[in-house]
Amino acid sequence: MAYQLYRNTALGNSLQVILDELTQSFLNMYRFCDNLWTFVLNDVEFREVTELIKVDEAKIVDCDGKNTGSNTTE
């Protein structure tokens, strides 16, 4: 499986630590499908230097930054 390629990298280890922490607190759902990560978090706080924004639910979608052969131009 493709997910095993990054499993023993610094990124894979960091992601595992973060997922372990999130599953104990805010993480409602996560999945990985077609090189796309989706996370749904509950009771989230976003902090900027002077701002604090609280939301009931946040959805984070992350994809591979490598060019996958699509027809995009740079």
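## Burial and surface

Of the 74 residues of this protein, 16% count as buried, where buried means under 20% relative accessible area, exposed means over 50%, and partly exposed lies in between (1.4 Å probe, protein chains only). The model is predicted: local features need pLDDT of at least 70, side-chain atom pairs count only at pLDDT 80 or more, and totals for chains, interfaces and linings use all residues. Residues are numbered from 1 along each chain as its sequence is written, and side-chain values use heavy atoms, with hydrogens and water left out.

The accessible surface of the protein comes to about 6500 Å², as given by the Shrake-Rupley method with a 1.4 Å probe, with only the protein chains shown counting as cover for residues. Carbon and sulfur atoms account for 51% of this surface.

## Overall layout

The protein has one helix and three strands. Along the sequence they follow the pattern α-β-β-β. Helices (H or I, at least four residues) and strands (E, at least two) are DSSP runs, numbered from the N terminus.

Contact means heavy atoms within 4.5 Å. Among the contacts in the protein with a separation of 6 or more, 16% are between residues 24 or more positions apart.

## The sheet

Three strands form an open sheet in the order E1-E2-E3, with antiparallel pairing. Strand E1 (27-33) and strand E3 (52-63) are the edge strands, each pairing on one side only. From one strand to the next, the twist averages 20°; axes are lines fitted to C-alpha atoms, for helices over the stretch in contact, and angles run from 0 to 180 degrees between N-to-C directions.

Two strands count as paired if DSSP finds at least two bridges between them. E1 and E2 pair over six bridges in the antiparallel sense. In this pair, Tyr30 stands opposite Phe39 in E2, and Cys33 has Leu36 in E2 as its bridge partner. E2 and E3 also run antiparallel and are joined by 11 bridges. Here Phe46 has Ile53 in E3 as its bridge partner, while the partner of Arg47 in E3 is Leu52.

## Turns and positive phi values

E1 and E2 form a hairpin with two residues between them. Asp34, in the turn, has a positive phi of about 55°. Asn35 is found in the loop between E1 and E2, and its phi is near 60°, a positive value in a residue other than glycine. With a relative accessible area of 42%, Asn35 is partly exposed. Most residues other than glycine have a negative phi, and most peptide bonds are trans.

E2 and E3 form a hairpin with four residues between them. A positive phi also occurs within a strand: Asp43 is found in strand E2 and has a phi of about 50° although it is not a glycine. Asp43 is exposed, with a relative accessible area of 53%.

## The nonpolar core

A nonpolar core is a set of buried Ala, Val, Leu, Ile, Met, Phe, Trp, Tyr and Cys residues joined through side-chain atoms within 4.5 Å. The largest one here has eight residues: Leu15, Leu19, Leu27, Trp37, Phe39, Leu41, Val44 and Ala58. Helix H1 (10-23) and E2 each supply at least two residues of this core. E2 gives the largest share, four residues.

Thr38 is found in strand E2 (residues 36-47). Its relative accessibility is 5%, so Thr38 counts as buried. Leaving out residues up to four places away in sequence, Thr38 touches Met29, Tyr30, Arg31, Lys59, Ile60 and Val61.

Lys54 lies in strand E3. Its relative accessibility is 60%, so Lys54 counts as exposed. Leaving out residues up to four places away in sequence, Lys54 touches Val44 and Glu45. The C-alpha atoms of Lys54 and Val44, 10 residues apart along the chain, are separated by 5.7 Å.

## Annotated region

An unreviewed UniProt entry places the feature "domain: Transcription initiation factor IIA gamma subunit C-terminal" at residues 27-65. UniProt positions are given in the numbering used here, feature names are shortened, and annotations may be inferred rather than shown by experiment. In the model, the span of residues 27-65 is 0% helix and 79% strand, and its end C-alpha atoms lie 24 Å apart.
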